Amino acid sequence: MENEKREKFIVPIGPQHPALKEPGHFEFTVDGETVTGATVRLGYVHRGIEKATEDRNWTQNLYLLERICGICSHSHAMAYSLGVEKLAGVTVPPRAQAIRQVVAEMERIHSHLLWLGVAAHEAGFDTLFMFSWRDRETIMDILEGLTGNRVNYSVNVLGGVKVDIDAERADSIRKGLDLLEERTRHYLKVVTTDETFLRRTRGVGFTTTEQAEALGLVGPTARAANVARDVRVDVPYVAYAEFPVTMTLDTGGDLEARFVVRIKELFESYRVIRLILDKLPAGDLTMRMPRRIKEGETVSRIEAPRGELFYFIKSGGGEKPERIKVRTPSINNFALVTGTAVGHQLADMPMILAGMDPCFSCNDR
Amino acid sequence: MTITLGEKWNEALEQVKLWARINSPWAIHFNSGSCNGCDIEILATVTPRYDLERFGVKLQGSPRHADILICTGPVTLQARDRLKRVYEQMPDPKFVVAVGSCAISGGAFQGCYGVVGHIDQVIPVDAYIPGCPPRPEAIIDGVVKLLGSLKKGPEEQRSGGEEVK
């Protein structure tokens, strides 16, 4: 009788909240300090980009879709270009494909370093936040030198890429990567040995492999629970067949494993970028694309920094697409927050949320 | 209890308030539909390479402690009322900085059905920083220029607190 009378105590967080830079609303039901339920409300950044693509022509859409997300802009533009090129039956020159892969891996480096800082900030470890963002400026400088912009690089055009890498540029990239590799080794040591930090990460947000598969997790979040799921390995696109990456797996399934997997992926990115720079295929950068794309529909999948990014593209044979559907990795990974929150302390919630690397602007579009 | 001060005391108090405001403005960041590009550049301004905190600017969480509202992105249908509420919760005088092309004009998202418009259609804006996204240097320049305009004195400065449309 006493228990039935007890009311639920709900802690609402958001949409404007200090934890993340993007608006999202969370409601945690708590009993004391222990979380007994969690719900997520999304859609504050919904702009209606999918519908807007139908009013713009194929080339204009490249710039609009790049602005779905400022962190993984290249991934969106690349997924879209690959789909449209498949529809048009155009084969992109190998040099352009390799450059696309180089920029995609650089984007992964910048995104993972950004995440490392933000996640450390959630844990109250601001020193790591400042250090990782300082080192992230190295990769931002490389990206700016290569493409001319720090965030929305706009490397892709339909049928190829805009930028080329010459020997001088390759040298400066190698130098930057050497510095980053040394720093990354230090970060791996910090997240696996720092006792205070481990108390915030070890065993927190734990999922078994079966749970992770049932929740449909993707990307590094899934790989941290030993789910072998990586589009770069499963269905190689651009130049991943010639310059393969090995999948980084961890059996931990908790937050610590998510840190370790993402940091180890950085080493893989450094290795593959160096490999491509050494053996960059010669040839053209672009192929001529028709203004109207043949009627038909296609899907294109790539591995964005956060996981599998999925594009469905339908053409009616005109200058504009008939339908573009985007499914981003974050929508899958939100299941991790609602699925693992119960039983944790309220103070662990920002860490669990940051651990899946949410991207609201990707997710809401 | 009310304290009545002499005119000179009042003047001195105003000067101290202005001095404090210019030397350590606290900022709050609100994303009303941005693509994240501007947001990561704003975050980059507080990290070691750019270090906005050397001007006394501090990014913090609550609108009730903030002097400057840094807005990014076009205003979406969902975010409009929240943006107004965050603005209204800020104490006077308050200043708004619109960062990025989308915040200034709607940018690439003009015509999307979820987008209401740009920031100054919803709340009054004091400084505009263009770019897609603006470089951290540009964001620092914009904030420093805003602080410079505050020095002009209480008559000339356009403080916030206008009626929200």
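Me: How many residue pairs are in polar contact between chain B and chain A?

Reply: A polar contact is a pair of N or O atoms within 3.5 Å; within protein, one must be able to donate a hydrogen and the other to accept it, and residues adjacent in sequence count only if both atoms are side-chain atoms. Here, chain B and chain A have 14 such residue pairs, both partners at pLDDT 80 or more. This is a predicted model, where local features need pLDDT of at least 70, side-chain atom pairs count only at pLDDT 80 or more, and totals for chains, interfaces and linings use all residues. Residues are numbered from 1 along each chain as its sequence is written, chains are lettered from A and ligands numbered from 1 in the order in which they are written, and side-chain values use heavy atoms, leaving out hydrogens and water.

Me: Which elements of chain B give two or more residues to the side that touches chain A?

Reply: Helices (H or I, at least four residues) and strands (E, at least two) are DSSP runs, numbered from the N terminus. In chain B they are β1 (26–31), α2 (37–45) and α3 (77–89). The most comes from α2(B), with six residues.

Me: Why is α2(B) largely enclosed by the rest of the structure?

Reply: Buried means under 20% relative accessible area (1.4 Å probe, protein chains only). Nine of the nine residues of α2(B) are buried, so the helix is largely enclosed. Among them are B:Cys38, B:Ile40 and B:Leu43.

Me: And how many salt bridges cross the interface?

Reply: A salt bridge is a side-chain nitrogen of Lys or Arg within 4 Å of a carboxyl oxygen of Asp or Glu. The rule finds four between chain B and chain A, including A:Asp141 with B:Arg49 at 2.8 Å, N to O.

Definitions and conventions: Buried < 20%, exposed > 50% of the residue type's maximum accessible area, 1.4 Å probe, protein only.
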